[in-house]
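Here are my notes on the model below. Please read them with the structure open.

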Amino acid sequence: MSATARGATARKTVAELNLILLGPPGAGKGTQAERLQEDFHLPYVATGDILREAVREEAELGRKAKRYMDAGDLVPDDLIIAVVLERIGADEARDGFLLDGFPRNREQGEALDGAIDRLGRRLTAALLIEVPDDEVVRRLSGRRVSVKSGRVYHVELDPPKHEGRCDIDGSRLVQRDDDRPETVRHRLQVYHENTKPLIDYYERQGVLRRFNGARSPTEVHDHIRATIATLRLEDEL
Ligand code: AP5
């Protein structure tokens, strides 16, 4: 390899950010992802958004996924893994990616690791936003989402300027079907059962970083940004 090519590879490794957002439903993964996209301009892959869009468009993926999503269960791995791996292998993700909602269990984590390995890359960090179950129920019962922009609000904690209308484009704000209290409790149970082994897996790899999601969105964001800056510095040393 020429010195120029070596330099380019070294620069790419330092600049590359391959990030995962982990946490229970309502932890604020989507809220933080919006800010992190602005900071780092990374392609954002949110499996919940991809699946909801597929349901709206009545695509095959959506038709197969809907009943699991309505019940608050995970959709089968074979429906979702290929979708994500295709996105992270795409040209636009060559300098990194931000995953939200994937992986969600150990099998998905191993599939992701295999794909990253094949691309000759490595995971920068798994960012775990921790929030107690009671707070999750409070947040999701008040969550409202813009039908057009997808911007997330909370009726008390982060209200829009005009009730029921998105600040960005004035579109209608709606409640997600799976934010009903009984479904939220089931989603929490599914999270604890499936994602705990994945958290342990990342902890053992030394890539897990924990954040107190009970703090304000700005405090959580500041902490995540500072952590990523430190990881980048460590990478350069
Ligand atoms: P998905 O859409 O991924 O849902 P989730 O993981 O349950 O996460 P949420 O979107 O509910 O919460 P969030 O953490 O993004 O919180 P948010 O920022 O909105 O998945 C939905 C379904 O799709 C799953 O149940 C499953 O069926 C299927 N699925 C998806 N991925 C899958 C996969 N990989 N495998 C299998 N199935 C899959 O914030 C929540 C609220 O709190 C908002 O109102 C917000 O304003 C407020 N808020 C945020 N941060 C704060 C804060 N710091 N303080 C106070 N309020 C805050």
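**Notes on backbone and packing**

1. His-41 counts as exposed, at 67% relative accessibility (exposed means over 50% relative accessible area, buried under 20%, partly exposed in between; 1.4 Å probe, protein chains only). Its phi is positive, near 50 degrees, in a residue other than glycine. His-41 sits in the loop between helix H2 (29-40) and strand E2 (44-46). Helices (H or I, at least four residues) and strands (E, at least two) are DSSP runs, numbered from the N terminus.

2. On provenance: this is a predicted model, where local features need pLDDT of at least 70, side-chain atom pairs count only at pLDDT 80 or more, and totals for chains, interfaces and linings use all residues. Residues are numbered from 1 along each chain as its sequence is written, and side-chain values use heavy atoms, with hydrogens and water left out.

3. Glu-58 also has a positive phi, about 55 degrees, and is not a glycine. Its place is the loop between H3 and H4. Glu-58 is exposed, with a relative accessible area of 58%. Most residues other than glycine have a negative phi, and most peptide bonds are trans.

4. Check the peptide bond between Phe-102 and Pro-103: it is cis, with omega about -5 degrees. Pro-103 lies in the loop between E3 and H6.

5. H6 has 13 residues, which should span 18 Å at 1.5 Å a residue; its end C-alpha atoms are 18 Å apart, which agrees. The expected span is 1.5 Å times one less than the number of residues. Buried in H6 are Gln-108, Gly-109, Leu-112, Asp-113, Ala-115 and Ile-116. Seen down the axis, these fall within an arc of 165 degrees, so they line one face of the helix (the arc is that of the directions from the helix axis to the C-beta atoms). On the other side, Asp-117 and Arg-118 are exposed. The cover over the buried residues includes E1, H5, E3 and H8. Gly-120 follows H6, with a positive phi near 70 degrees.

6. The largest nonpolar core has 32 residues; Ile-20, Leu-22, Ile-88, Leu-99, Leu-112 and Tyr-202 touch the most other members. Such a core is a set of buried Ala, Val, Leu, Ile, Met, Phe, Trp, Tyr and Cys residues joined through side-chain atoms within 4.5 Å. H5 gives the most to this core, with six residues. A second, separate core of 22 residues includes Leu-19, Val-131, Val-136 and Ile-228.

7. Which residues does Leu-22 contact, leaving aside neighbours within four places in sequence? Among them are Lys-29, Pro-103, Leu-128 and Tyr-202 (contact means heavy atoms within 4.5 Å).
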